[in-house]
Structures are given as C-alpha cells and as structure tokens.
Amino acid sequence: LDQVLHLQAGDAGVVRLFSRVYQSLTPGGLFILQAQPWSRYNRSKRASETTFRHFRKVRLKPDQFTSYLTESVGFSSYRLLTHTGRKPARTGKQRPVYLFYKGPAHRK
C-alpha cells in the first residue's frame, strides 16, 4: 500500500480501500499486501498541506494493517509470503508481503 493514498485520504481512505477489496472478493479470494513502512510516510509528510494534516492524524499505522484486516475487515487469516528482494536505498530493509484469505482459512 503506497503511503500516498494514506496521506492524501487519511485513515478513512485506507479503511475504505480495505473494505472495497474485501467486498470485491468471492469466498476463498486472496489479497496480497505490501505496505510501506512508517518511515516512508515520515519522508513524504510535507509534500502538501493535506498530506501533513493527514500524517498528524494517522491512527491506523502500517504495522497494524494485518490485525485490522483480520479483526475489523473480516479476512479469516493471513500469512507472510516473503520479504521483497528489493531493498529501499535508505533503509536497507526488505518489505514484507502478506497474503490475506477471505472465507475459511486456507488449508495446505
């Protein structure tokens, strides 16, 4: 999830996106999420007055997305697929990629 959406539309925009993704999936559907780390938000916060205002009001931070998607949106489970091979230049950290399941928990 790109921080631009979050900073342009605030928590309400992210909540709306997650809800629409969930509603668009049929039972057994899958959603792949690679969220940007909070540090990326911090670097982008002053892009405009709107982004700075939303940055200050963010309550649903990227490290809370997995619990929000399962506890509030309705995804039945998730798992960490992998960390991306691409490392952001400044942090050197790899970003996690998650797979969310709609409906019964996925069985191997």
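Reader: What does helix α1 span between its end C-alpha atoms, and what would a straight helix of 22 residues span?
Author: In this predicted model, α1 (residues 3-24) spans only 22 Å between its end C-alpha atoms, whereas a straight helix of 22 residues would span 32 Å at 1.5 Å a residue.

Reader: Where is the kink in α1 centred?
Author: On Ala9, with an angle of about 120°.

Reader: Which residues of α1 are buried?
Author: Gln3, His6, Leu7, Gly10, Asp11, Gly13, Val14, Phe18, Val21 and Tyr22.

Reader: Switching to aromatics. How many pairs?
Author: The count comes to 12 aromatic pairs. Take Tyr78 and Tyr98: their ring centres are 5.7 Å apart and their planes at 75°, so this pair is edge-to-face.

Reader: Where in the chain do those two sit?
Author: Tyr78 is in strand β2 (residues 77-83) and Tyr98 in strand β3 (residues 96-101), so the pair links distant parts of the chain, 20 residues apart.

Reader: Why does Tyr98 count as partly exposed?
Author: Because its relative accessibility is 22%, and buried means under 20%. Tyr78 also counts as partly exposed, at 38%.

Reader: Which residues do ring pairs link into a cluster?
Author: Phe18, Tyr22, Phe31, Phe65, Tyr68, Phe75, Tyr78, Tyr98 and Phe100.

Reader: What sits over the ring of Tyr22?
Author: The charged end of Lys102, 4.3 Å from the ring centre. Elsewhere, Lys61 lies over the face of Trp38, at 4.6 Å from the ring centre.

How values were computed. Residues are numbered from 1 along each chain as its sequence is written. This is a predicted model: local features need pLDDT of at least 70, side-chain atom pairs count only at pLDDT 80 or more; totals for chains, interfaces and linings use all residues. Side-chain values use heavy atoms; hydrogens and water are left out. Helices (H or I, at least four residues) and strands (E, at least two) are DSSP runs, numbered from the N terminus. The expected span of a helix is 1.5 Å times one less than its number of residues. The bend at a residue is the angle between axes fitted to the seven residues ending there and the seven starting there. Buried means under 20% relative accessible area, exposed over 50%, partly exposed in between (1.4 Å probe, protein chains only). Rings of Phe, Tyr and Trp (its six-membered ring) pair if their centres lie within 6.5 Å; planes under 30 degrees apart count as stacked, over 60 as edge-to-face and the rest as tilted. A charge sits over a ring if NZ of Lys or CZ of Arg is within 6 Å of the ring centre and within 35 degrees of the ring normal.
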